[in-house]
Amino acid sequence: MQSLTNRAKPVDRRPMNFMERMYLPAVLKGMSITFSHMFKKAPTVRYPDETRPFSPVFRGLHVLNRDEEGRERCTACGLCAVACPAEAITMEAAERKQGEENLYREEKYAAKYEINMLRCIFCGLCEEACPKDAIYLSETFAPSNFARKGFIYGKKDLLIPDPKTEAADLAKAKGTN
Amino acid sequence: MAEGAPLFKVTIDNITVEVPAGTTILNAARKIGGDVAPPAMCYYSKLQGSGGKCRTCLVEVSKGSEKDPRPMPKLVASCRTTVMDGMEVKNITSPKVLDARAGVVEFLLLNHPLDCPICDQAGECHLQDLSYEHGKAGTRYEFQRRTFHKHDLGEYIQLHMTRCILCYRCVFTADQLTAKREHGVLDRGDHAQIATFIEKNLQNDFIGNVIDVCPVGALTDKTFRFKNRVWFTKPVDAHRDCPKCSGEVQLWMRGDEVFRITARKDEWGEIKDTTQGKPGWICNECRFEKKQVSDWVIEGPSKVNRQSVISANHYVGVQKPGETFENVMDGRQPRLFMDIHSVSEVNKPEIQLSLIEGPAHSDDFEVNNKD
């Protein structure tokens with residue numbers, strides 16, 4: 001049969017010679033590889049204390065964005081939910097009342113917005129579908145939890161802090177303070 | 001058409017069809033169907049006098065008739081031009097038509113706000129389909145779009161004048177279906193607007209049909225406003241005994257909630273004929289008041305075009321696999337780690353969005369937070 005890669009080697013079935021039967025040179029050879037690693041830079045990081053930088057295209061936990069005036073950008077158009085291949089996103093819309101103009105950017109807004117992080121596959125299609133720049137995948141992981149109900153993220157878990165009233169929280173969340 | 005009327009042979013995009021004299025090019029093309037039929041934003045076959053306003057159905061007549069084979073000098077509106085014997089029409093085979101249509105779409109979109117994410121018509125909007133299929137991606141318009149004073153049309157119908165393309169379909173509907181027309185097009189040119197002059201509720205019976213005929217989101221159902229997106233609801237054919245209308249409707253349901261009721265539509269987006277053969281206009285009571293499943297006899301899911309967003313995530317003919325756990329584990333029930341309904345804030349059983357009059361507001365949700 002023709003080999004695919006030309007890298008196949010026939011097995012050497014000759015009887016071992018004296019040096020090979022001593023085993024010690026082979027042991028030393030192996031241990032030298034092991035100990036040489038002590039003098040190399042460790043590839044791991046001590047995770048909770050140290051973190052690796054994320055790639056700029058990393059797709060992590062979702063955030064719901066606000067505009068510069070702190071109004072919610074989401075208008076509950078449902079495009080993220082229809083784009084979602086895992087059907088993780090659900091929402092309920094409401095009409096903005098008089099006096100709520102400082103809370104919501106558009107006439108319609110998401111009164112309830114929910115992402116089931118157990119279903120989410122972090123593909124980022126919701127981010128791509130969003131016509132209002134409202135949903136983004138941030139550079140964080142979804143934190144672990146002992147109970148499944150902790151993975152149903154509502155609006156209060158997803159919305160970013162208000163840049164006007166909670167500027168310090170926002171800076172902390174962004175890591176710029 | 002009377003018996004024995006002569007049949008005219010007309011060739012549209014190299015497909016020949018025989019139609020009775022007096023048929024418009026548009027209707028002849030619809031007889032062929034498919035891509036050959038020009039799009040129409042203002043023409044509505046069930047409304048007399050409609051058509052000739054939007055210019056999206058422009059076609060090129062490359063041969064006038066057998067007797068006079070000269071081509072027509074300009075593109076003609078196919079909804080208003082009747083066929084002649086031996087006429088040859090070019091629709092999608094004519095680059096001139098496609099170019100003109102792209103221009104018409106650009107004009108229609110000049111003042112149209114791009115608020116599709118908010119608009120309830122999104123997903124079943126003819127202007128969306130038209131601009132997607134025939135328009136260009138960009139706009140060259142650099143000025144402010146026109147705006148209007150908000151005009152309240154009562155508890156049933158929501159008017160968004162900025163979205164209107166002035167097709168006059170709703171005016172014809174009110175004239176031909178209701179006892180008295182109470183709205184019309186006021187002012188001229190850029191200021192032309194659908195209004196009632198003195199602010200007035202539209203409450204005539206059958207006035208709800210203006211929602212169905214509106215090709216854009218200018219007239220939408222206030223009882224459905226912002227409740228759900230059309231592609232999350234499932235269209236279901238249903239009927240009831242109605243003394244006023246045929247009672248044959250389409251329910252837009254989610255779970256057991258009836259979110260919206262519309263008349264049934266055919267492939268051209270127009271009201272379908274009922275089983276009795278009359279146009280299936282429905283009355284206000286059927287459309288706005290009967291939001292319970294128990295009011296209706298459900299016939300089955302409506303057929304939705306595969307290409308439509310409304311068919312997205314609707315699984316047809318799914319066979320749910322049987323539960324094996326109980327058989328294997330000697331009748332023991334599987335342990336649920338989480339019941340999504342006990343955690344989720346969305347689709348709370350105690351809050352029936354479909355039964356709220358008009359759009360939901362923040363207090364509708366707050367009331368339910370307390371109890």
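User: Of the 13 residues of α2(A), what number is buried?
Analyst: This is a predicted model, in which local features need pLDDT of at least 70, side-chain atom pairs count only at pLDDT 80 or more, and totals for chains, interfaces and linings use all residues. Residues are numbered from 1 along each chain as its sequence is written, and chains are lettered from A and ligands numbered from 1 in the order in which they are written. A residue is buried if 20 or more other C-beta atoms, placed from the backbone, lie within 10 Å of its own, exposed if 12 or fewer, and partly exposed in between. Helix α2(A) lies largely in the open, because the number of its residues that are buried is zero.

User: Which residues form the covered face of strand β1 of chain B?
Analyst: Helices (H or I, at least four residues) and strands (E, at least two) are DSSP runs, numbered from the N terminus. In a regular strand the side chains alternate between the two faces of the sheet. In β1(B), residues 7–12, the uncovered face holds Leu7(B), Lys9(B) and Thr11(B), and the covered one Phe8(B), Val10(B) and Ile12(B).

User: In which sense do β1(B) and β5(B) pair, parallel or antiparallel?
Analyst: Two strands pair if DSSP finds at least two bridges between them. Thr11(B) stands opposite Glu88(B) in β5(B). The two strands have three bridges, and the sense is parallel.

User: Which residue of β2(B) is the bridge partner of Leu7(B)?
Analyst: β1(B) and β2(B) form a hairpin with two residues between them. The strands pair in the antiparallel sense over six bridges. The partner of Leu7(B) is Pro20(B).
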